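This report describes the fold of one protein chain, element by element. The sequence and the model are shown first, and the account follows.

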Amino acid sequence: MTRVTEILPAGSWAGADEADVFTADYEGRHRRRMMLPLRSGTKVLLELDHARLLHDGEGLRLDDGRIIRVEAMLEDLMEVTAHDALHLLRLAWHLGNRHLPAAIEERRILVRYDHVIADMIRGLGGHVRSVQAPFDPESGAYAGRAGTDGHGHNHDHGDGHHHHSHD
């Protein structure tokens, strides 16, 4: 069984070293342990200590030395835009308050389609457009750190307050 031994950051390895490609949507790239189907039809084992998002362009070094490129599939997303940078920042705050995975760019935010969220954005004066794009959201401030609860933050804040729902 061929195994993944290391995850190489995007841009840190030569594209000419690419031996195969693993392509998946957001959920398919957010894994801890899985047999990854490669474009060639073969499979390799991913086995990590903690679940993490495999980002578009990362390399998966195998125990035989080959490198597999991670590719994010095109997905149906909502493109959120605003009147200006401050308005987009406010919209980002509201999306973050809903704990939504989001890909944040200079002039737009990409989130998965949700009609309730689309209505909220429009109600706040933002613009929503359906797009197809790779979804590679922010990992979060606590991604990869010990003590997190698996969705990006630690519930034991150590400050004496209780965790509450933002919905």
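How many bridges join strand 7 to strand 10? Strand 7 (residues 74-81) and strand 10 run antiparallel and are joined by eight bridges. Strands are DSSP runs of E with at least two residues and helices are runs of H or I with at least four, both numbered from the N terminus; two strands pair if DSSP finds at least two bridges between them. Within this pairing, Asp76 stands opposite Gln132 in strand 10.

The model is predicted: local features need pLDDT of at least 70, side-chain atom pairs count only at pLDDT 80 or more, and totals for chains, interfaces and linings use all residues. Residues are numbered from 1 along each chain as its sequence is written, and side-chain values use heavy atoms, with hydrogens and water left out.

**Overall composition**

The chain contains three helices and 10 strands, in the order β-β-α-β-β-β-β-β-α-β-β-α-β from the N terminus. Of its 167 residues, 31% count as buried, that is, under 20% relative accessible area, with exposed meaning over 50% and partly exposed in between (1.4 Å probe, protein chains only). Contact means heavy atoms within 4.5 Å. Among contacts between residues at least 6 apart in sequence, 63% join residues at least 24 apart.

**The open sheet and its helices**

Four strands form an open sheet in the order 8-9-7-10, with antiparallel pairing. Strand 8 (103-104) and strand 10 (127-134) stand at the edges with a single partner strand each, so one side of each has no neighbour in the sheet. Helix 2 (residues 85-97) packs on this sheet and touches strand 7 and strand 9 (109-112); its direction makes about 125° with that of strand 7. Helix 3 (residues 115-123) also packs on the sheet, touching strand 7 and strand 10, and its direction makes about 130° with that of strand 10.

Two packed helices are described by the angle between their axes and the distance between the axes. For helix 2 and helix 3 the angle is about 150° and the axes are 11 Å apart. Axes are lines fitted to C-alpha atoms, for helices over the stretch in contact, and angles run from 0 to 180 degrees between N-to-C directions. The two helices are therefore roughly antiparallel to each other, a term for angles over 145 degrees. Leu91, His94 and Leu95 in helix 2 meet Ile117, Met120 and Ile121 in helix 3. The residues of this contact divide into five nonpolar, one polar and no charged. Here Ala, Val, Leu, Ile, Met, Phe, Trp, Tyr, Cys and Pro count as nonpolar, Asp, Glu, Lys and Arg as charged, and the others, Gly among them, as polar.

Which residues does Glu105 contact, leaving aside its neighbours within four places in sequence? They are Leu88 and Leu110. Most residues other than glycine have a negative phi. His99, although not a glycine, has a positive phi of about 55°.

**Pairings of strand 6**

Strand 2 (residues 18-24) and strand 6 (residues 67-72) run parallel and are joined by six bridges; Val21 has Arg69 in strand 6 as its bridge partner. Strand 5 (residues 59-62) runs antiparallel to strand 6, with three bridges between them, and Arg61 stands opposite Ile67 in strand 6. The hairpin of strand 5 and strand 6 has four residues between the strands, and Gly65 there takes a positive phi near 95°.

Technical notes
Angles under 35 degrees count as roughly parallel, over 145 as roughly antiparallel, 65 to 115 as roughly perpendicular and the rest as oblique.
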